[in-house]
Amino acid sequence: SVTVGIDEPDSMVAAARRHLDRGFRILKVKIGENAAQDIMCLRMIRDAAGPDIIIRVDANEGYTATDAIEVARRLEDLDIELFEQPVAADRPDDLRRVGAATRAPVLADEAVKVAGDLAPLVRSGAASGANIKLMKCGGLGEARRIDAGLSQAGWRALVGCMDESRASISAAAHFAASAPSVAWIDLDGHLDLAGDPFGGGFEIRDGEIVLDDKPGLGVLFEGFR
């Protein structure tokens, strides 16, 4: 997916259109500041994108449980693919309430930094998956431990990112290609950099990441510009 950041509704729709024009077919829309405006904005984006584009939403802990449930229910007809971290990371009971009230899978992000964070959420049934980020958990080793915990629980993973260079995005893409629990990827952080010192590793073709067949991660340091 490619991310549409929080902005005025018209600006978010324009950003979504730019991404679609570049070949992306999955939009991850940031929400969580104003429930009523978020609902309106997502309806505008769905109208602009059409029915065949996949839309995911990420609230980054922005809602109360009540607001998150209201948003989820009001958006059911838009066929939202998943709802990421709708409530505060330290409120697993609220996360479980939202998950019980919506058809879309609810994923933990900020609530799962390392593998040890996962077990309490699984025991309480607080979500149905988690976002694994290499820059959040500390690297490939810890990411694999989170993946193992998710697989054992029958949960699914989204492999996400922060604003990162091609070097770490490529590492995350290799991890995603090999991890049993991974169902979704959100690896677009390098697109936000003004100057990425790395090249290679992968290409984006029609909105999909295609890995190189070069040794290692396939990335080359090209220097700062």
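D206 is found in the loop between β10 (202-205) and β11 (208-211), in what is a predicted model. The protein has eight helices and 12 strands. Its radius of gyration is 17 Å, close to the 17 Å that the globule rule gives for 225 residues, so the protein is as compact as a globular protein of that length.

**Loop residues with positive phi**

- D206 is not a glycine, yet its phi is positive, at about 50°.
- With a relative accessibility of 66%, D206 counts as exposed, because exposed means over 50%.
- E61 also has a positive phi without being a glycine, and the value there is about 70°.
- The loop between β3 (54-58) and α3 (65-74) holds E61.
- E61 has a relative accessibility of 32% and so counts as partly exposed.

**Overall build**

- Along the principal axes, the C-alpha atoms of the protein fill a box of roughly 50 × 40 × 25 Å.
- Of the 225 residues in the protein, 50% are buried.

**The eight-stranded sheet**

- Strands of a sheet pair through backbone hydrogen bonds, either parallel or antiparallel.
- Here eight strands form an open sheet with parallel pairing, and their order is β1-β2-β3-β4-β5-β6-β7-β8.
- The edges of this sheet are β1 (2-4) and β8 (182-185); each has a single partner strand, so one side of each is left without a neighbour in the sheet.

**Strand β6 and its partners**

- Strand β6 covers residues 129-132, and in the order of the sheet it stands between β5 and β7.
- Two bridges link β6 to strand β5 (residues 106-108), and the two strands pair in the parallel sense.
- Across this pairing, A130 in β6 stands opposite A108.
- R156 in β7 stands opposite G129, while V159 in β7 is the bridge partner of I132.
- In a regular strand the side chains alternate between the two faces of the sheet.
- In β6, G129 and N131 point one way and A130 and I132 point the other way.
- These four residues, G129, A130, N131 and I132, are all buried.

**The cavity**

- Rolling a probe the size of a water molecule over the atoms shows where empty space is left.
- Searching the whole structure gives one cavity of 30 Å³ or more.
- The largest cavity holds about 60 Å³ of space.
- Its lining consists of I6, D7, E8, P9, M12, V29, K30, I31, Q37, D38, C41 and L42.
- Helix α2 gives the most to the lining of the largest cavity, with four residues.
- By type, the lining of the largest cavity has seven nonpolar residues, one polar residue and four charged residues.

Terms used. Residues numbered from 1 in each chain as written. Predicted model: local features only at pLDDT ≥ 70, side-chain atom pairs only at ≥ 80, totals over all residues. Heavy atoms only, no water. 1 Å grid on protein atoms, 1.4 Å probe; cavity = no way out; pocket = protein on both sides within 12 Å on 5 of 7 lines; lining within 4 Å. Points joined across faces, edges and corners; volume = space filled by probe spheres on them. Nonpolar A, V, L, I, M, F, W, Y, C, P; charged D, E, K, R; others polar. Buried < 20%, exposed > 50% of the residue type's maximum accessible area, 1.4 Å probe, protein only. Pairing = 2+ DSSP bridges. Rg over C-alpha atoms; globule rule 2.2 N^0.38 Å.
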